[in-house]
Amino acid sequence: MTDLPASALIAALKTPLLLIGPDDRVQAQNAAMTELLKIDFEGRNYITALRQPATIDAVTDARADGVTKTARYLLRIDGSDRYFEVSAIPTDGHVVITFTDQTAAEETLSLRRDFVANVSHELRTPLTALLGFIETLQGPAREDPAAQERFLGIMATEADRLRRLVDDLLSLTRVEEQERSRPADPVDLGAVVRQATDLLGPMAIAAGTRLIAKMPDVLPHVPGDDAQLQQVLHNLIENAIKYGATDQGIIVEITKPTFETALHETAIRMTVKDHGQGIPAHHLIRLTERFYRVDGHRSRAQGGTGLGLAIVKHIANRHRGKLYFESVEGQGTTATLMLPTAIS
């Protein structure tokens, strides 16, 4: 096992690997393992390399039982936790140790757990309210028309909140399924802006502000999905109205195509700028997380589901674009979507 061909094979493998001899010393360690552990343990007892009890037990059990054993191994690398599956494979008195990075899988599972917990929480609140009012209407308020009218109004609001949440969950699922398939149909962004501002203009006026559209007279079409880009602009404008309405208005702007270093290609910028209270800097990086809210109470009161910007992010990704936010507290927030002008 320690002759030149075996050593050469071990060295060539990209999977982090240790070879433990019958004397419990590390007989070989490849470059991938050295890079991972930051130390070459060759010639030393394997326990000094694999300090975690579960991994040491896996080696002991593999040697005793003659069958492969696995364990979970946690490493702190550059300030982040990384998770590995360690396999201890017994062979001819030796034990081969391999590390398989499971960090992405762990993060996916964590995201899934968080998503289920958040959905459950968002559903539970309106459902609890509906059940409580139904019980009241069937009991104490059975003969009280005024109470019935008030409770039915609240129930309608909660039911509509449920509907919006389900609609956004379905929309998010569809966008995620389509994300790898870049749309190629030509889209007139000027028409997208005009349609969105016409639709949301009354909402802006009711909130004490107005929508101001700015764009060149002539714009090239961009490859995209018209309905999804309408959804992006609708969500961004609606957020600006809800949280940034002032008498200075909300500016919806489309720029001329220009080379964007962030995309390494020519793109058009679509921006929505408000002049509201702004967003603290530490929130900006998390705005597109599912169910993340800067002000949870206010967002729910405004009818937000916490999924709108997550949907916008996935639509941006599908279009191979870039979405980002800039904000100065007390001065307002600008949401920008860069869209490539050509299929690459």
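Which residues in H8 meet which residues in H11? I started there, keeping in mind that this is a predicted model.

**Entry 1: H8 against H11**

I listed the contact from both sides. From H8 come Gln-228, Gln-231, Val-232, Asn-235, Leu-236 and Asn-239. From H11 come Gly-308, Leu-309, Ile-311, Val-312, Ile-315 and Arg-318. I sorted the residues of this contact by type and got six nonpolar, five polar and one charged. I then took the geometry: the angle between H8 and H11 is about 145°, and their axes lie 10 Å apart. The crossing of H8 and H11 is left-handed.

I stayed with H11, which runs over residues 308-318. How many of its eleven residues are buried? I found eight, so I noted H11 as mostly covered. The buried residues of H11 are Leu-309, Ala-310, Ile-311, Val-312, His-314, Ile-315, Ala-316 and Arg-318. I noted that His-314 and Arg-318 are on this list.

I next asked what covers the buried residues of H11. The cover includes two helices, H6 (145-178) and H8 (226-244). It also includes strand S12 (322-328) and strand S13 (332-340). After H11 comes Arg-320, and I recorded a positive phi for Arg-320, near 60°.

**Entry 2: H5 against H6**

Helix H5 covers residues 103-138, and its angle with H6 is about 160°, with the axes 9 Å apart. That angle makes H5 roughly antiparallel to H6. The crossing of H5 and H6 is left-handed. The residues of this contact divide into 19 nonpolar, three polar and three charged.

**Entry 3: two loop residues with positive phi**

I checked Lys-38 and Phe-291. Lys-38 is not a glycine, yet its phi is positive, about 70°. I placed Lys-38 in the loop between helix H2 (31-37) and helix H3 (46-49). Phe-291 is also a residue other than glycine, and its phi is positive, near 70°. I placed Phe-291 in the loop between helix H9 (281-284) and helix H10 (296-301).

Are they buried or exposed? Lys-38 has 63% relative accessibility and therefore counts as exposed. Phe-291 has 9% relative accessibility and therefore counts as buried.

**Entry 4: Val-67**

I found Val-67 in the loop between helix H4 (53-65) and strand S3 (69-77). Its relative accessibility is 41%, so Val-67 counts as partly exposed. Leaving out residues up to four places away in sequence, Val-67 touches Ala-62, Ala-88 and Pro-90.

**Entry 5: the whole chain**

I counted eleven helices and 13 strands in the protein. What is the radius of gyration of the protein? I have 29 Å, whereas a compact globule of 344 residues would have a value near 20 Å. The C-alpha trace spans about 80 × 65 × 35 Å along its principal axes. Of the 344 residues, 43% count as buried. Among contacts with a separation of 6 or more, 59% are between residues 24 or more positions apart.

Terms used
Residues numbered from 1 in each chain as written. Predicted model: local features only at pLDDT ≥ 70, side-chain atom pairs only at ≥ 80, totals over all residues. Heavy atoms only, no water. Buried < 20%, exposed > 50% of the residue type's maximum accessible area, 1.4 Å probe, protein only. Helix = DSSP H or I, 4+ residues; strand = E, 2+ residues; numbered from the N terminus. Contact = heavy atoms within 4.5 Å. Axes fitted to C-alpha atoms, helices over the stretch in contact; angles between N-to-C directions. Parallel < 35°, antiparallel > 145°, perpendicular 65-115°, else oblique. Left-handed = near helix turned anticlockwise from the far one by under 90°. Nonpolar A, V, L, I, M, F, W, Y, C, P; charged D, E, K, R; others polar. Rg over C-alpha atoms; globule rule 2.2 N^0.38 Å.
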